[in-house]
Amino acid sequence: MSKPVINKEKCTNCGMCILVCPQNVFGKENGSVVVKKPDECIGCGACEMQCPEQAIKLE
Ligand code: SF4
Ligand code: SF4
């Protein structure tokens, strides 16, 4: 099953992926957006498409 990986060099912690993910895979930790629940990912691709920085890749 795919799971998202965030490129920390590109990510601005805008929070868009948190808003668009239907599975609540992303969350914030100390102000940084992280992949909190990778096993919940259904591979829908919304986060990869909506990230304004192209910082997310599904692997
Ligand atoms: S949408 Fe992209 S830039 Fe915004 S917090 Fe998520 S990974 Fe980072
Ligand atoms: S691919 Fe879909 S389910 Fe998986 S993390 Fe991205 S938005 Fe969430």
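Reader: Which residues come nearest to ligand 2?

Author: A residue is near a molecule or strand if its C-beta atom, placed from the backbone, lies within 6 Å of it. Here 14 residues stand around ligand 2, and Cys21, Val25, Cys41, Cys44 and Cys47 come nearest. Before going on, note that this is a predicted model, in which local features need pLDDT of at least 70 and side-chain atom pairs count only at pLDDT 80 or more, while totals for chains, interfaces and linings use all residues. Residues are numbered from 1 along each chain as its sequence is written, and chains are lettered from A and ligands numbered from 1 in the order in which they are written.

Reader: How many residues surround ligand 1, and which are the closest?

Author: Ligand 1 is surrounded by 13 residues, with Cys11, Cys14, Met16, Cys17 and Cys51 the closest.

Reader: What classes of residue make up the shell around ligand 1?

Author: Ala, Val, Leu, Ile, Met, Phe, Trp, Tyr, Cys and Pro count as nonpolar, Asp, Glu, Lys and Arg as charged, and the others, Gly among them, as polar. On that basis the shell around ligand 1 holds 9 nonpolar, 3 polar and 1 charged residues, whereas the shell around ligand 2 holds 11 nonpolar, 3 polar and no charged residues.

Reader: What pattern does the protein follow along the sequence?

Author: Helices (H or I, at least four residues) and strands (E, at least two) are DSSP runs, numbered from the N terminus. The protein has 2 helices and 4 strands, and read along the sequence they follow the pattern β-α-β-β-α-β. Its radius of gyration (taken over C-alpha atoms) is 10 Å, close to the 10 Å that the globule rule gives for 59 residues, so the protein is as compact as a globular protein of that length. That rule is 2.2 Å times the number of residues to the power 0.38.

Reader: How do strands E2 and E3 run, and how many bridges join them?

Author: Two strands pair if DSSP finds at least two bridges between them. Strand E2 (residues 26-29) and strand E3 (residues 32-35) run antiparallel and are joined by 4 bridges; Phe26, for instance, has Val35 in E3 as its bridge partner. The hairpin has 2 residues between the strands, and there Asn30 takes a positive phi near 50 degrees, although Asn30 is not a glycine.

Reader: Is Asn30 buried or exposed?

Author: A residue is buried if 20 or more other C-beta atoms lie within 10 Å of its own, exposed if 12 or fewer, and partly exposed in between, with C-beta atoms placed from the backbone. Asn30 has 5 other C-beta atoms within 10 Å and is therefore exposed. Asn13, in the loop between strand E1 (4-6) and helix H1 (16-20), also is not a glycine and has a positive phi of about 60 degrees, but with 16 C-beta neighbours inside 10 Å it counts as partly exposed. Of the 59 residues of the protein, 19% count as buried.

Reader: Which residues form the largest nonpolar core?

Author: A nonpolar core is a set of buried Ala, Val, Leu, Ile, Met, Phe, Trp, Tyr and Cys residues joined through C-beta atoms within 7 Å. The largest one has 10 residues, among them Ile6, Cys17, Val33 and Ile56. Contact means that the C-beta atoms of two residues, placed from the backbone, lie within 7 Å; leaving aside neighbours within four places in sequence, Ile56 is in contact with Pro4, Ile6, Cys17, Cys47, Glu48 and Cys51.
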